[in-house]
Amino acid sequence: ECVRIALENHPAIHAALGNAEIYKSKIAQAWTNYFPTLSAGLSYSRNDMLVTTFAPPVQRYDLFYVPTLSANMLLFDFGKTKAQADIAKRSYESAKYSLDNAINTVVYNVKQSYFNLLFAHQQVKVYEDTVHDYELHLEQAKAYYNIGKKAKIDVLTAEYNLGKAKLNLIQAKNTLKIAYVELSNAMGLPEFTDYDVIDNLSTKAYDVTIEKAVNTAYETSPELLAAKKQADASEILIRSSKRAFLPDLTGFASYQRGGKKIDTDDGYQFGAQLSYQTVNLLLLKKQVDEANATYKK
């Protein structure tokens, strides 16, 4: 029940879930490079040419464009967009394994805190019994002392042992309170109070060799699997950084209507172009170096 409460409420799990959703959305964001970008608008301008060789009637005029529409679309970028999408996909897969790791960590902390709480309960019972026993010893020592069969040192020793047992009991009760706080915190509900736990310290034997345990860890450890996905993403990042040296093939189209009067004329254009965006060769080179260093890490 404590594990169930933790899985529903622990903020670390909610944060890991949100992180996975973030990387999932980045996959679609990467592919949006292949979707057209649209723009539309209305424009009006007043033009007055103060110095000109033309006749005065031409110097001053209005321009209306209602509407202007345009679209641009990436046709092909030699794999740069696909590489970004692949990186986002590997990052998403890594985030899912990180979520599994967060769940494992929370479950482990809950179980550890739960059994520490059971142990603290047992300690309190032990010291309560110890205090009761030393109280009987003290009464017995006093009775024997009163009839002359025990020395005063025996009474003092019994009083010392009782005082020490009471101190241990106080410490055990404080440890019990801390154990409750730690279990509540492990469940992600630090203000959770007024609950009891079932006192069951039964153990289970596991038949597993060290080799089998290590092999199982290699196959199922979320932390290791997440690191492998991060390595895959970094390897793709190297290829993506090198493709930044390649141009982009884009298509464009536009339509506008207007002129000196709203219905004067209309027209359109469309075409394609192969172009480089602003290229800084040193920056691209250093981005490739960064990608290589990230992959090695």
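Okay, which residue in S4 is the bridge partner of leucine 249? It's leucine 274. Let me back up and say what we're looking at, then come back to that pair.

This is a predicted model, so local features are taken only where pLDDT is at least 70 and side-chain atom pairs count only at pLDDT 80 or more, while totals for chains, interfaces and linings use all residues. Residues are numbered from 1 along each chain as its sequence is written, and side-chain values use heavy atoms, with hydrogens and water left out.

Confidence, then. pLDDT is the predictor's own confidence in each residue, on a scale from 0 to 100. The protein has a mean of 88, and 95% of its residues reach 70 or more. Helix H5, residues 152-186, has the highest confidence, at 95. Helix H3, residues 56-59, has the lowest, with a mean of 56. Where pLDDT is low, the predicted coordinates should not be read in detail. By the way, when I say helix or strand, I mean DSSP runs numbered from the N terminus: H or I with at least four residues for helices, E with at least two for strands.

S3 is residues 248-259, and S4 is residues 265-275.

Grid points are joined across faces, edges and corners, and the volume is the space filled by probe spheres set on the points; the probe is 1.4 Å.

The largest pocket holds about 550 Å³ of space. Lining it are 24 residues, and those nearest the centre are Lys80, Ala244, Asp248, Gln277 and Leu284. Helix H4 (80-146), helix H7 (222-243), strand S3 and helix H8 (281-296) each give two or more residues to that lining. H8 gives the most, 5 residues. As for class, Ala, Val, Leu, Ile, Met, Phe, Trp, Tyr, Cys and Pro count as nonpolar, Asp, Glu, Lys and Arg as charged, and the others, Gly among them, as polar. On that scheme the lining has 9 nonpolar, 11 polar and 4 charged residues.

The second largest pocket comes in at about 250 Å³. Its lining has 13 residues, with Glu1, Cys2, Val3, Tyr114 and Val197 nearest the centre. Helix H1 (2-9) and H4 each supply at least two of the lining residues, and the largest share, 4 residues, is from H4. Here the classes are 10 nonpolar, no polar and 3 charged.

Now, charges. Side chains of opposite charge can pair when their charged atoms come close. I'm counting a salt bridge when a side-chain nitrogen of Lys or Arg is within 4 Å of a carboxyl oxygen of Asp or Glu. How many salt bridges are there in the whole structure? The search finds 8.

Start in H1. Arginine 4 and glutamate 8 meet at 3.4 Å, N to O. Why can they? They sit 4 residues apart in the helix, so about one helical turn separates them. Accessibility uses a 1.4 Å probe and protein chains only: under 20% relative area is buried, over 50% exposed, and in between is partly exposed. Arginine 4, at 43%, is partly exposed, and so is glutamate 8, at 46%. Glu1 joins in too: Glu1, Arg4 and Glu8 are linked in a salt-bridge network.

Over in H4, lysine 82 and aspartate 86 meet at 2.9 Å, again 4 residues and about one turn apart. Lysine 82 is partly exposed at 46%, whereas aspartate 86 is buried at 18%.

Last one: in H8, aspartate 289 and lysine 285 are 4 residues apart, and their closest N and O atoms are 3.0 Å apart. Aspartate 289 is partly exposed at 30%, and lysine 285 is partly exposed at 42%.

That's my tour, thanks.

How values were computed. 1 Å grid on protein atoms, 1.4 Å probe; cavity = no way out; pocket = protein on both sides within 12 Å on 5 of 7 lines; lining within 4 Å. Pairing = 2+ DSSP bridges.
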